[in-house]
Amino acid sequence: MGTTEKIYFYPLWLRIWHGFNALGIIILIFTGISMQSSFDTPIIGFNLIVNLHNIAGIVVFISYLFYFTGNLATSNGKYYKIKRKGFFSNLIKQGNYYVLGMFQGEKSPFPISEKRKFNPLQKFIYVIVMYLAVPVVIVTGIALLFPEIIIDKAWGISGVFMTAILHSAMGFFISIFLIIHLYIASVGKSPLDNYKGIINGWHHI
Amino acid sequence: MKYRFVLLFFIFLSLSFKDIKAQSYQDPQHHACLKCHSNQSYSFNNEVTGKIVKRLMNPYYILDTIAISAGVHKQFDCTDCHSSEYKTYPHKSDLKLQPLSSCIDCHGGDASFAKYKFEEIEREFKKSVHFKVYGENFNCSKCHSQHTYVATARNSSNVLDIVDYNNKMCLSCHNDMKKYKMVSGHDNPKLVVIHDWLPNQELHFRHVRCIECHTEVVDSLMVSHNILSKDHAVRKCVECHSANSKLKASLYKYQNLQKRSENGTISSILTNSSYTIGTHQSPLLKLLSIIIFLAVLTGIIIHGAFRIFKKKQ
């Protein structure tokens, strides 16, 4: 790699969580799309897909609790704290860098360091995904596992319907995040460097 | 003298009206049949012993007068269908052996009932497991009580009411040991047990009718009457939980008609296909998700292409 500086950004517990979460989310996306399109073949039946979706959902739920506790118990949680000062301008700066700056040879406006694991845009998206979208998808998912606990009607609209819409809309949002996440991960020291980092724990600067 | 006759005529007339009123189901205590058949017990003068006897009414012969008053046949009196000889008590024993009119006797071949397609219903019914098991003895009234029948599915705008009314018809036998055994010759299976495979059983039972899975859908009929044997019942989730749901041709046929005739509220349109899975049950969200997905993909391809291009430079 020829890199001299590297930081141990991803401790083992985080990598284990990330692995389970990634696997679970990928299964959830594929089975979710299959259910939506009524995919049903003699080998992979609809029931199997539903069961897989349920199991993967529970795995993601448990791994989320692990992640949440880990962030409370270790110093990893501090990387998610958003600074109010210059919030919007920092987002725009980072956005501009991705769209234009990086092609014009500019340096990253928020270089990664021991103190800054995520750039402001990355941090903002991670917080939205991990502290809003994933909890919502988990809560609605649990509700859909036990639909009798959902209120029958709210504002004249079926409760199950609203829960299902919210669940799949959030699921879709997470899928879009995953695509961008996987792509942006290739913007590293080398295109494969960040993928290696989440396996061995080291991030090269 | 002449005025007395006029007066007597009016008294007679008013008494006759009183008699007509007495036949109404609203006033069962003065109705010749219902004064006994709407009560748990009845009394009569035993002419042999000369004593007044009080007995329990056969529970199967007790009628719900409130339900009768709301039923589609409320304008008919008992003896319009049952023999007028029932007006005397004790009823003659051979009256029970006289055949009753069937639904087709009144409803068949009548243009005013053509839209209900009674003849086609009869043809479909004769293919059903009910007819195969019990033959002609399985008549319409086994499910549709002529006394209390209400066309709920056609008139109610609440799907849950339609489902509840309809499923009670099935449960009246399938959840009743005596009635079920009389028709089938064996004990009734426990419904909760045989539907054990069905996820969210209670929710399904409340939101869809038994006939959704247990009949063969016929497009020309509102309700298919070809009740299938359990081996042919729907067991695949996707048959309902898909964009091309079986429910559109059965339960939601009614809703669709209402939507067309009343221009439907947003909620009825929204909930109309809530049996399909995911956001794609809403066409707007489906379109939006496809646009977002394609936009992201395009963005990534362009960005990636620029990166490759830049690297080569």
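Biologist: Where in chain B is His232(B) found?
Modeller: His232(B) is in the loop between helix 13 (210-214) and helix 14 (251-262) of chain B. Helices here are DSSP runs of H or I with at least four residues, strands are runs of E with at least two, and both are numbered from the N terminus. This is a predicted model, in which local features need pLDDT of at least 70, side-chain atom pairs count only at pLDDT 80 or more, and totals for chains, interfaces and linings use all residues. Residues are numbered from 1 along each chain as its sequence is written, while chains are lettered from A and ligands numbered from 1 in the order in which they are written.

Biologist: Why does His232(B) count as partly exposed?
Modeller: A residue is buried if 20 or more other C-beta atoms, placed from the backbone, lie within 10 Å of its own, exposed if 12 or fewer do, and partly exposed in between. His232(B) has 14 C-beta neighbours inside 10 Å, so it counts as partly exposed. From C-alpha to C-alpha, His232(B) is 8.9 Å from Glu216(B), and the two are 16 residues apart in sequence.

Biologist: What makes strand 2 of chain B lie largely in the open?
Modeller: Strand 2 covers residues 51-56 of chain B, and of these 6 residues the number buried is 0, so the strand lies largely in the open. For chain B as a whole, buried residues make up 16% of its 313 residues.

Biologist: How do you know that strand 1 and strand 2 of chain B pair?
Modeller: Two strands pair if DSSP finds at least two bridges between them. Strand 1 (residues 41-46) of chain B is joined to strand 2 of chain B by 6 bridges, so the two count as paired. They run antiparallel. One of the bridges joins Phe44(B) to its partner Val53(B) in strand 2 of chain B. The two strands form a hairpin with 4 residues between them, and Gly50(B) in the turn has a positive phi of about 75°.

Biologist: Why is helix 9 of chain B called roughly perpendicular to helix 10 of chain B?
Modeller: Helix 9 (residues 159-174) and helix 10 (residues 177-184) of chain B pack at an angle of about 80°, with their axes 6 Å apart. Axes are lines fitted to C-alpha atoms, for helices over the stretch in contact, and angles run from 0 to 180 degrees between N-to-C directions. Angles under 35 degrees count as roughly parallel, over 145 as roughly antiparallel, 65 to 115 as roughly perpendicular and the rest as oblique. Helix 9 of chain B is therefore roughly perpendicular to helix 10 of chain B.

Biologist: Which residues make the contact between these helices of chain B?
Modeller: Ser172(B), Cys173(B) and His174(B) come from helix 9 of chain B, and Lys179(B), Tyr180(B) and Val183(B) from helix 10 of chain B. Residues are in contact if their C-beta atoms, placed from the backbone, lie within 7 Å.

Biologist: How many residues of chain A are in contact with chain B?
Modeller: 25 residues of chain A are in contact with 26 residues of chain B. On the chain A side, the largest share, 11 residues, comes from helix 5 of chain A.

Biologist: What is the confidence in chain A?
Modeller: pLDDT is the predictor's confidence in each residue, from 0 to 100. Chain A averages a pLDDT of 89, and 98% of the residues score at least 70. Confidence in chain A is lowest in strand 3, at a mean of 72, and highest in helix 4 (residues 120-145), at 95.

Note on methods. Two residues are in contact if their C-beta atoms, placed from the backbone, lie within 7 Å.
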